Amino acid sequence: MTEHTNPEGKERIGVYVCHCGTNIAGMVDVEDVATWAARELADRGVVIARDYKFMCSSLGQELIEQDIKEEGLTRVVVAACSPHLHEATFRKACANAGLNPYLCELVSIREQVSWVHTDKVAATEKSKAVLSGGVERVIHHEPLEPLHVPIHPATLVVGGGIAGIQAAIEVADAGYPVYLVEREPSIGGHMSQFDKTFPTLDCSACILTPKMVTAGTHPHIKLFSYSEVTNVDGYVGNFTVTIRKKARHVNEELCTGCGICQEKCPKKVIDDVYEAGLGYRKAVYTPFPQAVPKFPVIDVPNCIYFQKGTCKACEKFCPTNAIDFQQEDEYVTVQVGNIILATGFDLFDPRVVSQYGYGRLANVFTSLEFERLTNAAGPTNGEIVLRDGVTKPTSVGILHCVGSRDRNYNNYCSVICCMQSLKFAHLVHERTGATVYNFYIDMRTAYKEYDEFYQRVLEEGTLFVRGKVAEVTDAARLPQEEGKLIIQVEDTLASVQRRIPVDMVVLSAAMVPRHDAHEVAQLFGISCSSNGWFIEKHPKLDPVATMTEGIFIAGCVQGPKDIPSSVAQGAAASARVLGRIQQGEIALEPVRATVDESKCSGCRICNNLCPYNAILFHEDRMVTEINPALCQGCGTCVAACPAGAISGTCFSNEQIFAQIEGLMRVNFQHEKLAEMA
Amino acid sequence: MSKYLFYPGCAMQTSARAYNESMQEVLGPLGLNFEEVRDWNCCGATEYLGISTVPAYALISRNLALASRQSNGVKTLVASCSACYLNLSKADHYMAERPSLGQMVNVALAEGGLEYTPGTLEIRHLLDIVINEVGLDVVKERVTHPLKGLRVAPYLGCMVPRPDYEKRWSDYEYPDELDRLLKALGAEVIDFPLKTHCCGGHMAQISPTTAFELIRRLISSADNYKADVMVTVCPMCQMNLDAYQNETNHYFHTNYKMPVLFFTQLMGLAFGIDAKKLGFGRELVSAKEAMSRIGIEVPQEEPKTPARRKKTTGLPMPKMPGDEEETQ
Amino acid sequence: MYTLKSMAIQDKAYKDSTAPDFSQTFVDMVENYGRSYEFGLATRHYLKHFPLRLPSMAPMGLGMLSKKRMDITPKHIEGIDQLKAILSRAKELEVV
Ligand SMILES: Cc1cc2nc3c(=O)[nH]c(=O)nc-3n(C[C@H](O)[C@H](O)[C@H](O)COP(=O)(O)OP(=O)(O)OC[C@H]3O[C@@H](n4cnc5c(N)ncnc54)[C@H](O)[C@@H]3O)c2cc1C
Ligand code: SF4
Ligand code: SF4
């Protein structure tokens, strides 16, 4: 391309170069960039070019507004920080002065120039080049109007742990409908498995059950337990969600929750979920007495009738004829405006840390198993005993950081394990009087009243050994080790190797993302980190939103955290949703991709590339269409289309080529010097 | 017949003669064809790398150079001794990871008209070949005389699964390859907690009392589990546990009589090969009594240690991969 | 681990360990024959450091000999000159 558009400066362009204090000015000669632009880019339509200490300040914005009014600017280019931060600010300034906000272009000379370079001359020249590119590009901008979409007042909450329950109740209390979808037969999540909660040691069930009951009976909450979301269509404000209600084989209309079926069912099964594998349930079961809803489910793969064709004991004894072997899965479709994901975490499987012997050595327990041991409703009625079911331990070793802060497994800290291990130490003292050893790398007791709890456990006489345990073994070396589990550890404070014989070992295992986190993220069109935690929109400033409009996250899906933080996130997510609902509609960026149907060959290459699931394909006409409300304008499909049929507003081919042209216009002085030398 | 290059190492001809004899017997049934590296030299065992770097790697690499020259398209070099296996892998790995070391070693090799490019050969342990190349299915097919009733303690030692540069082993702390192989032979395999602990290496010479303690731990643990024999995959482990057992007894006033055999010897027995051809009788702690039990129904004594392990009453044990489903 | 060991040997940071001496004896034999030579090694090392232990070790040595698990004479490799040339060059390259 040799001929330039915008001849004779049809557009009147204003250029603003920000110092950002010394953030930019320290590495880029900003004054030089501004004077250069006024001189060299005048033929491209630049009528005014200024530098200013803080463009984002009110005074900086007013500068732009004033110039638009007085100089009759038709385009604005701001060379400052990343558009992520201040694009909205400068667009608003333009709009205030009556200029269509989409005629403003932000050029990043901070993240992409001053922060990443060390040569001031070169950095100044690069700033000129990217600025020149921005000027060429802005010429091709078009005035756009934001898309307005109405917000459906209903909300979907996925996951009925404490975070999801909190979110559901808050939205429902404000008077808006909520669908709460829980995969297991009852809501409650991990919290329902605990006996006591740190740091106050209040009874987990006592504080959780009221919330579960509220969620189960709230007039605005429709609870789908034993259910899963199978499909999500649509976009913010207007999602269509399909929920599969798995067949319970119990008629909820008739069942009174009396529990006779469970009593009579002859089939005992190890309960891997609620009892963490440490206890049994029946083939027809409610996971725990306070379950919400109260209706049992029949576990088909384990039911004698379903497998062998005879039994039906439950049916025979049910006083209300509620057992229904014919029941089938039911699919329900609901409309919602926003979605909150609160699917929680899984416990790290310590079998892979083979040197700790979990699965081989009977008296090595996971933290969740230990929670069940201490729980009055657990398999031992709250008795802390060895795996033989009767023997009380006289010494217990608790290992912190199993699978956390270990580059063989997970680099991160699981946040709760130190406190949870202290809680265990306290419970062992209180209930058995056994000697307790805690093996820790660092003691992490941040947050309110946590360190005070640590002091208390110290005073109770727990023995703390700082060091990562090397091995747990039953191979005794000394007579006093016979019949014990021996913990081999380097005590890094005393600089000695220790072998400590104990009766019971508890592994404080890491929190890990749900095993199906990647599939769930894909279903809802949000991103998760490579290890599986869902990614928030901004780690500090937007912790419960996601990059996908209308989808929020709360609780341990986002990363390891304790109950107070999970509850806070549940409430925060619901506040964000309520704000949306009350606005009634939402303005969406008009920066969207569109398909030129006449050029589309129907090759479908773009179809699966869109990270936001915004692309649909019309089988009948063999063409692709992009849903403007879902599209986030990322440009992936534009680049992928071999027919060039897709173009994006704000990033059309024309604009991109013009920008490249602009970049090339700048003669790199120092390069020439280098060549001459 | 799959062809492999083979590095025997010094011990195979001397202290581990039984290993060599039994290995030669089972190669055929396993469909393995081993070609010995011509004029190989000692790998330096655990000593050479302790006092030098370039000379030690040059010593090892002469073998790699000879093997690659002889390879004729065969890429895999098999070692039967764990120390040799580790040294050969180590040289190959570090010559690639630290190019300057690789260069220096090659300068030295050039003095003898040799060269070696790291990565040319794939260095593997005999056990790895049996498990992953031959496969347990083939092994099972060859078994004609299952070792029914023989309680064995699978003992790998520390050098096979660690540091495992190529990630070939199931687990570096608690690998189960040898367990699975011995189960395939029909033996009753105990869950030996010290399976990757140290046998003492050259401590038997350097600091005998240190070695005696390490040997005692291993033997007494196997004895606690009522193992009839211990099974090793390494000449050095066998030598320490077998030849120094009497001395260890003497030192601690104990009276262990734990036969220590090579896995190839048991494989040979299970394949129906005559025990004489398999080097039986070369062990200092005789395996005669233990072996006489095979095939003869002996009342099973309940081992005292495993009482702490899985029990059918009480709380359920966590399920492990490969466990059978618990049925009510 | 070996790095620590060789650093300790260089600095003579060992008090009563016989390990460095053992390593040296071992290495000397390998350098001379190309193969390790257990009989020579064991007798020499024990004579020097644990003479009192020798009598109780004797049955084991005899056992090993009678079961043909130890050779009284060392084995040589053919290319011993080649090996010596390689090792002497390698020693020059060793940066300490
Ligand atoms: C051993 C242990 C002890 C602890 N002790 C304490 C303590 O004393 N004090 C404290 O503050 N914190 C404690 N914690 C931390 C606490 O468990 C968490 O902070 C809290 O449970 C997080 O709640 P959540 O709702 O985010 O997740 P979860 O409790 O995991 O709930 C998630 C829910 O979502 C459901 N679900 C998952 N996937 C789907 C799906 N695809 N569709 C539908 N539903 C789905 C699950 O069934 C579950 O009900 C402890 C943690 C552990 C491991
Ligand atoms: S299904 Fe019948 S027996 Fe079972 S809880 Fe309901 S009413 Fe009771
Ligand atoms: S039919 Fe199934 S659920 Fe009902 S009692 Fe029998 S095994 Fe239990």
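Colleague: Which domains does the assignment give for chain B?

Modeller: The assignment, automatic or taken from a database, gives domain 1 (2-125) and domain 2 (145-292) for chain B. This is a predicted model, where local features need pLDDT of at least 70 and side-chain atom pairs count only at pLDDT 80 or more, while totals for chains, interfaces and linings use all residues. Residues are numbered from 1 along each chain as its sequence is written, chains are lettered from A and ligands numbered from 1 in the order in which they are written, and side-chain values use heavy atoms, with hydrogens and water left out.

Colleague: How much area do domain 1 and domain 2 of chain B bury between them?

Modeller: Domain 1 and domain 2 of chain B bury about 2400 Å², 70% of it on carbon and sulfur atoms, taken as the accessible area (1.4 Å probe) that two parts lose on being put together, summed over both. B:Tyr19, B:Glu25 and B:Ser82 supply 21% of the area on the domain 1 side, more than any other three residues.

Colleague: How many salt bridges are there between domain 1 and domain 2 of chain B?

Modeller: The count is 1 salt bridge, meaning a side-chain nitrogen of Lys or Arg within 4 Å of a carboxyl oxygen of Asp or Glu. B:Arg282 pairs in a salt bridge with B:Glu21, with the closest N and O atoms 2.8 Å apart.

Colleague: Switching topic, which residues are closest to ligand 3?

Modeller: The closest are A:Cys265, A:Cys303, A:Ile304, A:Cys311 and A:Cys314, from 13 residues that surround ligand 3, each with a heavy atom within 4 Å of it.
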